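Here is a short briefing on one predicted model. Look through the sequence and structure, then read the points below.

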Amino acid sequence: MEGVSVEKIVGKLQLKNFLSDMDLKSQRIELADVNRPALQLSGYFDHFEQSRVQIIGMVEYTYLQQLQEERKREIYSRLLKYDIPCVIFCRDFAPDDFFLEEAKRNNVPVLGTERSTSEFMAELIYFLSEELAPCITIHGVLVDVYGEGLLITGESGIGKSEAALELIRRGHRLVTDDVVEIRKINEHTLMGTSPEVTRHFIELRGIGIIDVKTLFGVECVKEKQQIDLVIKLEDWKKDNEYDRLGLTEEYTEFLGNKVVCHSLPIRPGRNLAVICESAAVNHRQKKMGYNAAQELYRRVQANLTKSDDDE
């Protein structure tokens, strides 16, 4: 079933339900945007976005309070006949009996929160943007390394989970092993999470399933993480050429978003955890404006220029 259930946002955002006998699970929200129906309460319904969650704040509530009863009924009737996912009253405001009667008649959930309108709208939009974002599932491991979201991919059995376990032992945090759910939050952000069934578990061949949260503590796991860097593990092949300088970035693409990707050849004796840590720190350093490869290139060029001048 598409969309997010109203029941889920009630639980996640701790909302009050003014119509407790209404089935909130069947009510779905399909848009992350919200609407404050100020113009609609004055009778203007052209271009009304009925598919959005409707928010009643200070302006809307005080306007309703000064209306005559007959006018209120007319506005309520027109507003709530639309196929609205739900109406949420902010600042601990409560709907009057006329509003609840009309909402119940049209099967529109009416909810409430004590939070300020702007603060609540920002939180609701962020939550819905995550829940409704395009999503794909890939095979890999996602770890938070020094605050950088490191996605480790590669063929089955190549050592992704073992690398993740060593990173966890070195103080980093596991987001998910084996299955990574990737959501496109916006044009620049990919968020990785774990399926609820496999959350906090790692599969180690020859040992079986281990529970990272139980074994190493809650400080070693994380629920979600932005994906900043991809490490692709592959078998070492003598004839292949591997990047040794890093002057140009290589990318991989998920849901139309590009992410920096490094191909890492696997060979006996290579410490994958240390290499992954170094890659994460180096990527962070580049985002802060320093590129070691470019600095080396600059020094070499400066040295060559100096040599030519000496001649």
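Which residue in E13 is the bridge partner of Ile202? The partner is Ile210. The model is predicted: local features need pLDDT of at least 70 and side-chain atom pairs count only at pLDDT 80 or more, while totals for chains, interfaces and linings use all residues. Residues are numbered from 1 along each chain as its sequence is written, and side-chain values use heavy atoms, with hydrogens and water left out.

**Hairpin**

- Strand E12 (residues 201-204) pairs with strand E13 (residues 208-211) over four bridges, in the antiparallel sense.
- Strands (E, at least two residues) and helices (H or I, at least four) are DSSP runs, numbered from the N terminus.
- Two strands pair if DSSP finds at least two bridges between them.
- Three residues separate E12 from E13 in this hairpin. Gly206 in the turn has a positive phi of about 95°.

**Sheet**

- Strands of a sheet pair through backbone hydrogen bonds, either parallel or antiparallel.
- An open sheet of eight strands has the order E14-E11-E10-E8-E9-E15-E17-E16, with mixed pairing.
- Its edge strands are E14 (224-226) and E16 (251-254), each pairing on one side only.
- From one strand to the next, the twist averages 40°.
- Within the sheet order, strands E8 (residues 135-145) and E9 (residues 148-154) run antiparallel and are joined by five bridges. Val145 has Glu148 in E9 as its bridge partner.

**Helices on strands**

- Helix H6 lies across E10 (173-186), E11 and E14, running at about 110° to E10.
- Helix H9 packs on the sheet and touches E8, E9, E15 (229-235) and E17 (257-266). The direction of H9 makes about 130° with that of E9.
- Contact means heavy atoms within 4.5 Å.

**Helix pairs**

- Two packed helices are described by the angle between their axes and the distance between the axes.
- Axes are lines fitted to C-alpha atoms, for helices over the stretch in contact; angles run from 0 to 180 degrees between N-to-C directions.
- Helix H1 (residues 6-13) packs on H6 (residues 117-131) at an angle of about 125°, with the axes 12 Å apart. That makes H1 oblique to H6.
- Angles under 35 degrees count as roughly parallel, over 145 as roughly antiparallel, 65 to 115 as roughly perpendicular and the rest as oblique.
- Lys8, Ile9, Lys12 and Leu13 of H1 meet H6 residues including Phe120, Leu124 and Phe127. The contact residues divide into six nonpolar, no polar and four charged.
- Ala, Val, Leu, Ile, Met, Phe, Trp, Tyr, Cys and Pro count as nonpolar, Asp, Glu, Lys and Arg as charged, and the others, Gly among them, as polar.
- Helix H7 (residues 160-169) and H9 (residues 272-287) have axes that come within 8 Å and cross at roughly 70°. H7 and H9 are therefore roughly perpendicular.
- In that contact, Ala163, Glu166 and Leu167 of H7 meet Leu272, Ala273, Cys276 and Glu277 of H9. Five of the contact residues are nonpolar, none polar and two charged.

- Most residues other than glycine have a negative phi.
- Arg91 is not a glycine, yet has a positive phi of about 60°. Arg91 sits in the loop between E6 (87-89) and H5 (97-105).
- Arg91 is partly exposed, at 39% relative accessibility.
- His200 has a positive phi near 75°, and is found in the loop between E11 (189-193) and E12.
- His200 is buried, with a relative accessible area of 16%.
- Buried means under 20% relative accessible area, exposed over 50%, partly exposed in between (1.4 Å probe, protein chains only).
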